[in-house]
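I opened my notebook to look up a few things in this structure.

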Number of protein chains: 6
Amino acid sequence: MFSICVRDHFMIAHSFSGEVFGPAQKLHGATYVVDVEFRRRELDPDGIVVDIGRAGDGVRAVLAALNFRNLDDEPAFRGKNTTTEFLALVIHERIATKIAAGELGAHASGLASLRVTLHESHVAWASYEGALGR
Amino acid sequence: MFSICVRDHFMIAHSFSGEVFGPAQKLHGATYVVDVEFRRRELDPDGIVVDIGRAGDGVRAVLAALNFRNLDDEPAFRGKNTTTEFLALVIHERIATKIAAGELGAHASGLASLRVTLHESHVAWASYEGALGR
Amino acid sequence: MFSICVRDHFMIAHSFSGEVFGPAQKLHGATYVVDVEFRRRELDPDGIVVDIGRAGDGVRAVLAALNFRNLDDEPAFRGKNTTTEFLALVIHERIATKIAAGELGAHASGLASLRVTLHESHVAWASYEGALGR
Amino acid sequence: MFSICVRDHFMIAHSFSGEVFGPAQKLHGATYVVDVEFRRRELDPDGIVVDIGRAGDGVRAVLAALNFRNLDDEPAFRGKNTTTEFLALVIHERIATKIAAGELGAHASGLASLRVTLHESHVAWASYEGALGR
Amino acid sequence: MFSICVRDHFMIAHSFSGEVFGPAQKLHGATYVVDVEFRRRELDPDGIVVDIGRAGDGVRAVLAALNFRNLDDEPAFRGKNTTTEFLALVIHERIATKIAAGELGAHASGLASLRVTLHESHVAWASYEGALGR
Amino acid sequence: MFSICVRDHFMIAHSFSGEVFGPAQKLHGATYVVDVEFRRRELDPDGIVVDIGRAGDGVRAVLAALNFRNLDDEPAFRGKNTTTEFLALVIHERIATKIAAGELGAHASGLASLRVTLHESHVAWASYEGALGR
């Protein structure tokens with residue numbers, strides 16, 4: 001299995017509901033340093049996993065729609081705790097949608113899976129990994 | 001698959017038996033920077049993989065039982081080479097025991113697997129990854 | 001010159017006033033990974049720069065007073081932009097106060113200076129460095 | 001599954017053919033920081049995954065054959081784009097050959113798989129992972 | 001003293017002249033991960049060291065003029081060894097020129113000094129630090 | 001001021017005397033990841049700070065004399081606490097001696113100062129910085 005991975009980041013405010021979150025129930029924030037790993041069984045005709053320029057642009061566009069926001073005010077997350085693991089899934093879905101729409105190039109339809117990792121500090125990260133398309 | 005990971009560290013002395021270990025047969029030591037990754041197929045009712053506060057406390061407790069020790073003197077490791085990969089397994093088993101005992105919360109019983117990685121320097125690490133019982 | 005440095009972090013929400021801040025004028029947030037470097041010309045009678053246990057506790061206490069907050073609501077920062085460089089200065093002052101009060105041990109009065117660095121992402125950090133005592 | 005990983009690096013010049021590579025079609029270069037992860041289901045009789053000294057020597061030898069080269073001039077890569085993901089595969093094959101030849105020790109025949117990761121900057125990496133021997 | 005630092009990178013080919021460079025006399029290449037630290041005695045009227053958006057754009061522009069090049073072919077470096085420390089000086093001068101020209105904003109004239117660090121691998125870096133204008 | 005820095009590591013056992021060290025009074029150990037920064041006002045006739053090959057060899061030799069030891073048994077450290085900051089000074093002195101003896105090349109006599117940093121974990125480091133003789 002081949003992979004390529006690109007790193008970018010976004011910065012948001014949010015709060016959580018539920019006793020399990022302790023002091024994080026208050027409005028606070030985070031920088032998420034995001035690694036998006038694209039996986040593919042065989043290289044495409046150009047000898048690559050995916051066009052890394054387009055992949056980086058796609059990741060940047062997905063993160064730009066979250067960056068500099070208070071996630072508590074986002075209609076898309078109404079009634080949801082925007083935990084690090086949940087945000088990893090959201091980003092996975094949004095990049096998968098771009099791939100399906102051909103925005104990462106025609107060969108990107110051959111990608112097997114995607115792993116999205118969000119580093120929230122030097123001592124904690126979360127990720128979601130799942131298959132692409134069919 | 002969802003993951004969350006917490007990082008902590010411990011510092012020990014030890015020596016190894018066997019020619020394959022070369023100069024490491026002498027008493028020396030190491031700092032191990034430890035990443036414990038908790039994996040789960042679906043998020044729990046709170047929208048998380050595991051309570052990260054309890055997970056961090058559990059990891060800290062397991063490492064505290066090793067920290068500032070000479071592992072050559074530990075009865076638990078009599079006759080064993082406490083290599084990095086062996087210690088990854090030991091920490092995996094001890095955290096798995098805490099999960100089974102409910103110390104990481106009731107929902108932690110839904111965790112699928114655990115990966116424990118020990119960084120011994122900027123150029124070497126070892127890990128053990130295994131499923132969690134039922 | 002000798003130094004020791006300890007690393008910790010905190011997570012906050014805030015917004016900025018002024019056109020220069022662009023999209024960061026909206027409520028957003030950040031994880032700050034903080035390095036506090038303590039400097040001293042000669043080692044103290046114990047052969048150290050400062051008691052690293054007390055130093056780490058002092059840093060943790062200073063960061064705990066900021067962690068999981070919306071800095072826009074903090075009376076101490078009324079009318080101020082809580083930029084990364086400004087927060088580095090604030091943390092510098094608060095640790096200096098603890099040192100002057102003897103909370104980092106009697107020998108800590110011999111510290112020469114302090115450098116506080118806040119990493120806000122994998123591509124940006126800010127710091128404040130200044131002398132201690134008189 | 002147990003793993004150990006060793007890190008090393010090499011520095012090369014090269015250029016790419018194909019519009020998808022944009023400005024990278026010109027002669028340029030890269031530092032690749034390489035992580036080679038050796039995987040094994042059970043520890044060997046010495047309680048290790050592989051002799052880390054021999055593993056590091058094997059990786060160093062494989063990278064030395066690429067280091068300080070213009071890859072456009074290497075007969076082995078004639079007609080190939082030496083992309084990061086392609087080079088990960090090349091290094092995987094060359095280390096696998098050394099393992100098969102017994103150069104990493106007799107017990108290395110019990111290794112299950114190998115993952116080779118090449119970090120080309122602080123924001124991009126590629127890897128190839130595949131099974132070993134039979 | 002206050003600092004802010006931004007990180008970016010560029011990828012080049014080059015070779016060196018002189019026996020001291022050993023195998024690096026052959027055409028090879030490097031990724032340089034670049035940290036540019038801007039220093040200032042007092043914060044500017046906006047409470048910042050420099051507009052981090054403009055600073056990042058300035059650094060990107062300076063690195064773009066080097067990126068994806070064979071430095072052996074650059075007229076500006078004729079007869080020079082483009083060592084890591086030399087390139088740190090070149091980048092320092094080019095950013096200083098932009099500051100003097102007002103490209104980093106009017107307040108940037110109050111910057112005291114600049115430190116440019118080029119990481120060429122996980123085990124080596126070089127830097128140049130010098131005062132700015134008058 | 002120009003700098004180049006090389007990174008290496010060593011692994012030791014030791015214990016400390018004095019209540020201030022708490023649990024570290026017991027025999028334990030550490031991995032020290034060491035950064036040695038060589039500083040020079042002007043580049044030498046080869047356009048470099050120091051021959052990085054010789055510098056790396058010098059650092060490796062100094063660390064090899066400490067690596068895989070129990071520092072409590074070293075005559076050189078009798079009656080001393082081998083704290084991280086103390087070891088930074090020791091390594092500084094030993095490299096300075098090599099420079100004075102010409103082992104890093106004839107031009108190395110033009111080096112201005114040396115900073116030695118020992119990372120003992122992901123959250124703590126210590127350093128010693130001092131001028132080089134004449």
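**Entry 1: chains A and C**

I began with the interface of chain A and chain C in this predicted model. The two chains bury about 1,800 Å² between them. Of that area, 67% is on carbon and sulfur atoms. I noted that an interface's size is often given as the accessible area lost when the parts come together.

Next I looked up who takes part. Chain A gives 22 residues to the contact, and chain C gives 22 residues. I then searched this interface for salt bridges and found zero. For polar contacts, I counted seven residue pairs between chain A and chain C, both residues at pLDDT 80 or more.

Which strands of chain A each supply at least two residues of the side that touches chain C? I listed β1 (2–14), β2 (28–40), β3 (69–70) and β4 (113–121). The largest share comes from β1(A), with six residues. I also sorted this side of chain A by residue type: ten are nonpolar, seven polar and five charged.

**Entry 2: chains that do not touch**

I checked two other pairs of chains. Chain B and chain C do not touch, and their nearest C-alpha atoms are 12 Å apart. Chain A and chain E have no contact either. Their closest C-alpha atoms lie 12 Å apart.

**Entry 3: strand β1 of chain A**

I went back to β1(A) and asked how many of its 13 residues are buried. I found eleven, so I wrote the strand down as mostly covered, with buried meaning under 20% relative accessible area.

Then I traced its partners. Inside chain A, β1(A) runs antiparallel to β2(A), and 13 bridges join them. One bridge to look up there is A:Asp8 with A:Val34 in β2(A). β1(A) also runs parallel to β3(A), with two bridges. There, A:Ala13 has A:Asn70 of β3(A) as its bridge partner.

β1(A) also pairs with a strand of another chain. This is β5 (residues 124–131) of chain D, antiparallel over five bridges. I found A:Ile4 bridged to D:Ala126 in β5(D).

**Entry 4: salt bridges**

I searched the whole structure and got 54 salt bridges over all chains. I followed up some of them.

D:Asp8 forms a salt bridge with D:Arg60, and their closest N and O atoms are 3.8 Å apart. D:Asp8 lies in strand β1 (residues 2–14) of chain D, and D:Arg60 lies in helix α1 (residues 52–64) of chain D, so the pair ties together parts that are 52 residues apart in sequence. D:Asp8 is buried, at a relative accessible area of 17%. D:Arg60 is partly exposed, at 48%.

The next pair was F:Glu37 and E:Arg115, whose side chains meet in a salt bridge at 3.1 Å, N to O. F:Glu37 is in strand β2 (residues 28–40) of chain F and E:Arg115 is in strand β4 (residues 113–121) of chain E, so this pair joins two chains. I looked up their accessibility too: F:Glu37 and E:Arg115 are both buried.

In chain F I also found F:Asp51 in a salt bridge with F:Arg54, the closest N and O atoms being 3.9 Å apart. F:Asp51 counts as buried, at 17% relative accessibility. F:Arg54 is partly exposed, at 39%.

I also noted a network of salt bridges. It links A:Glu37, A:Arg39, A:Glu129 and D:Arg115.

**Entry 5: a threonine in a loop**

Where is C:Thr83 placed? I located C:Thr83 in the loop between β3 (69–70) and α2 (84–100) of chain C. Is C:Thr83 buried or exposed? C:Thr83 is buried, with a relative accessible area of 3%. I left aside its neighbours within four places in sequence and listed its contacts. They are C:Phe16, C:Phe21, E:Gly47 and E:Ile48.

**Entry 6: positive phi**

Most residues other than glycine have a negative phi.

Phi of B:Phe68 is near 60°. B:Phe68 sits in the loop between α1 (52–64) and β3 (69–70) of chain B. B:Phe68 is buried, with a relative accessible area of 18%.

C:Phe68 has a positive phi of about 55°. I placed C:Phe68 in the loop between α1 (52–64) and β3 of chain C. C:Phe68 is buried, with a relative accessible area of 18%.

How values were computed:
Residues numbered from 1 in each chain as written. Chains lettered and ligands numbered in written order. Predicted model: local features only at pLDDT ≥ 70, side-chain atom pairs only at ≥ 80, totals over all residues. Heavy atoms only, no water. Contact = heavy atoms within 4.5 Å. Buried area = accessible area lost by both parts, 1.4 Å probe. Salt bridge = Lys/Arg side-chain N within 4 Å of Asp/Glu carboxyl O. Polar contact = N/O pair within 3.5 Å; in protein donor to acceptor, adjacent residues only side chain to side chain. Helix = DSSP H or I, 4+ residues; strand = E, 2+ residues; numbered from the N terminus. Nonpolar A, V, L, I, M, F, W, Y, C, P; charged D, E, K, R; others polar. Buried < 20%, exposed > 50% of the residue type's maximum accessible area, 1.4 Å probe, protein only. Pairing = 2+ DSSP bridges.
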